[in-house]
Amino acid sequence: MCGIVGYIGKNHAKEIIIDGLKRLEYRGYDSAGIALAREGKIETRKHVGGISNLEKIIQDREYDSNVGIGHTRWATHGAPSDINAHPHSNEDQSITVVHNGIIENYVELKEWLIKEYGVTFLSDTDTEVIAHLIGIFYDGDLHQAVNKAVEKMRGAYAIAVIAAQEPDKLVAVRKDAPLVAGIGEGCNFIASDIPALLKYVRKLYLVENNETLVVTKDDIKIFDEKNKIVKREVFHVTWDADAAEKGGYDHFMIKEIHEQPEGLLETLNRRLNDQGEINLDGISMDREEISRFNKVYIVACGTAYHAGLVGKAAIEKMARIPVEVDVASEFRYRDPFVDENTLFIAVSQSGETLDTLAALREAKRKGARVLSVVNVVGSSVARESDDVFYTWAGPEIAVASTKAYTTQLMCMYLIGLYMGKTKGTIDENYYRKVIEELKEIPEKLKTILTQEKKIAQIAKKHYKNNEVFFIGRGPDSGVSYEGSLKLKEISYINSFAIAAGELKHGTIALMEEGTLVIALATQDRLFEKMVSNMEEIKARGAYVLGITKEGNGEIEKQTDEWLYIPRCMDELTPLLSVIPLQIFAYYVAKERNCNIDKPKNLAKSVTVE
Ligand code: AGP
């Protein structure tokens with residue numbers, strides 16, 4: 001949830017670390033801090049709130065140091081404050097730590113440190129325990145002291161540590177929290193995520209779980225949990241720095257909404273061979289294997305879970321196999337029916353969502369085959385899966401997920417088609433027809449993006465609403481949940497989504513004069529049913545904004561406002577119908593002056609339970 005950065009090299013560390021933190025601020029912005037080592041001393045400066053607050057207090061002078069660590073926080077233990085801000089140090093400030101994750105046994109360790117060593121704690125954080133632990137084990141060798149401390153720690157953590165007496169190195173450890181190392185010329189970096197380093201390096205080491213790094217300006221040594229040096233392949237980043245910048249848009253969210261055609265094309269084309277056949281990135285699932293699966297589980301959180309809802313309809317239709325979709329935080333504790341005949345599909349943009357990771361491990365423990373659909377290359381979910389099917393959406397910076405969602409849908413369709421074709425539950429015509437239609441989606445999506453101004457006008461009329469309903473049938477009901485989440489998380493409007501057929505069983509009681517209802521009616525085979533649902537709510541005074549396919553002119557009689565999306569097969573409409581909902585949510589939030597890219601109380605990847 002937090003972002004950490006470390007630098008050691010020939011240049012002054014301060015600016016480089018601050019710049020890296022700014023690119024990680026989407027991971028948390030409750031407080032920020034920096035620690036710089038020089039001439040046997042470590043200077044720590046930290047402040048509650050965003051990085052701009054920190055910049056204000058350190059612009060007073062040049063910090064002539066070539067090694068440092070920095071942190072941007074999303075509070076878990078200890079409320080946002082200057083004292084709870086990272087970095088944290090031991091009593092004589094000789095050891096300083098930044099940390100992303102949670103030390104689950106920190107209370108126990110704290111009591112032990114107080115009882116055995118009389119340590120005085122300044123903050124309410126779990127992280128301060130790490131600094132004191134390393135401090136008591138320190139005897140001139142930071143690497144050894146960190147190893148001893150790690151032996152005592154339980155939980156998820158990525159930490160970076162510096163020692164006043166060893167300003168020529170920094171040590172970092174990764175366990176169930178993201179960490180990458182950047183390979184520079186005469187300098188080296190560590191960070192929670194790639195965007196922090198893109199401005200400086202293109203070569204990275206993807207750090208594995210339970211690995212420790214000893215980083216100097218000329219070298220990065222990687223040690224496994226047995227303290228053996230390991231050789232690691234260099235990972236070359238293809239993303240350009242601009243990809244991580246706004247590219248002229250007001251917010252990352254609207255930029256990423258406009259990047260969806262490319263993301264979908266990239267995600268599709270990488271899987272179509274010259275004969276137009278789907279190749280699942282070499283994931284070998286032959287007919288015998290697929291036929292052995294008697295159940296598919298799609299498990300995820302938030303928007304990724306909503307992609308699973310659409311995936312269920314597609315895979316069940318195409319592969320004729322029962323699919324259950326579950327939120328990860330429930331799946332992991334309810335002893336689900338999972339065994340070696342289960343295909344478990346984890347979906348995650350960041351690949352670091354702890355609930356999804358834990359659900360994946362639970363499924364693995366029960367013998368399932370684990371396939372994950374992930375956007376961040378080399379992330380934990382990807383690495384712990386039997387197979388990973390990447391969404392090629394590029395870096396998604398805005399907390400509200402958009403392009404990751406549509407590329408996740410694309411992957412769901414490709415998995416359904418591949419399984420259906422291999423099992424023989426779909427014929428060649430249908431297979432070819434769906435692939436041809438998928439190829440047309442990016443261009444069709446662009447035509448919806450040209451309606452941005454019109455949708456912004458509609459948002460301008462309704463942004464004062466404090467209650468909005470989303471309804472749909474079939475795949476549209478799955479998309480209505482996603483539309484509702486987008487609006488909720490960036491505009492703080494209390495929106496509610498429901499399958500349209502469910503309305504009359506209770507929720508319709510909430511309909512009154514002017515109640516705004518966004519009705520998705522893109523399913524030709526269910527259009528009549530949706531018309532009667534719209535008539536029902538209109539009869540109670542609701543104001544209906546209808547979204548349907550071109551040619552369904554009936555909608556203009558049934559709604560107060562309407563938007564058309566280009567025609568495509570019913571099962572593929574979620575790839576298009578979600579776009580007006582993303583844009584609507586964006587402009588409502590903009591009218592309400594919300595912090596669109598960094599909504600309150602949220603963070604891009606949720607690495608705690
Ligand atoms: C969606 O806009 C939110 N950021 C959130 O619901 C997100 O989808 C959820 O936390 C899952 O994240 P993941 O895809 O990185 O696992």
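Biologist: What makes Tyr-586 count as buried?

Modeller: Its relative accessibility is 1%. Buried means under 20% relative accessible area (exposed is over 50%, partly exposed in between, with a 1.4 Å probe and protein chains only), so Tyr-586 counts as buried. This is a predicted model, where local features need pLDDT of at least 70 and side-chain atom pairs count only at pLDDT 80 or more, while totals for chains, interfaces and linings use all residues. Residues are numbered from 1 along each chain as its sequence is written, and side-chain values use heavy atoms, leaving out hydrogens and water.

Biologist: How many aromatic pairs does a search of the whole structure find?

Modeller: There are 8.

Biologist: Why is the pair of Phe-331 and Phe-344 called tilted?

Modeller: Rings of Phe, Tyr and Trp (its six-membered ring) pair if their centres lie within 6.5 Å; planes under 30 degrees apart are stacked, over 60 edge-to-face, and the rest tilted. Here the centres are 5.3 Å apart with 55° between the planes, so by that rule the pair is tilted.

Biologist: What does this pair tie together?

Modeller: Phe-331 lies in helix α10 (residues 328-331) and Phe-344 in strand β17 (residues 342-348), so the pair ties together parts that are 13 residues apart in sequence. Helices (H or I, at least four residues) and strands (E, at least two) are DSSP runs, numbered from the N terminus. Phe-331 is buried at 0% relative accessible area, and Phe-344 is buried at 0% too.

Biologist: What makes Tyr-586 and Tyr-587 an edge-to-face pair?

Modeller: Their planes stand at 85°, with 4.9 Å centre to centre, so they fall in the edge-to-face class. Tyr-587 is buried, at 15%.

Biologist: How do you know that Arg-271 sits over the ring of Phe-389?

Modeller: The rule asks for NZ of Lys or CZ of Arg within 6 Å of the ring centre and within 35 degrees of the ring normal. The charged end of Arg-271 is 4.1 Å from the centre of the Phe-389 ring. Lys-152 likewise lies over the face of Trp-112, at 4.5 Å from the ring centre.

Biologist: What makes α16 close to its expected span?

Modeller: The expected span is 1.5 Å times one less than the number of residues. With 17 residues, α16 reaches 25 Å from its first C-alpha to its last, close to the expected 24 Å.

Biologist: Is α16 mostly covered or mostly uncovered?

Modeller: Mostly covered, as 15 of its 17 residues are buried. Just after α16, Tyr-492 takes a positive phi of about 60°.
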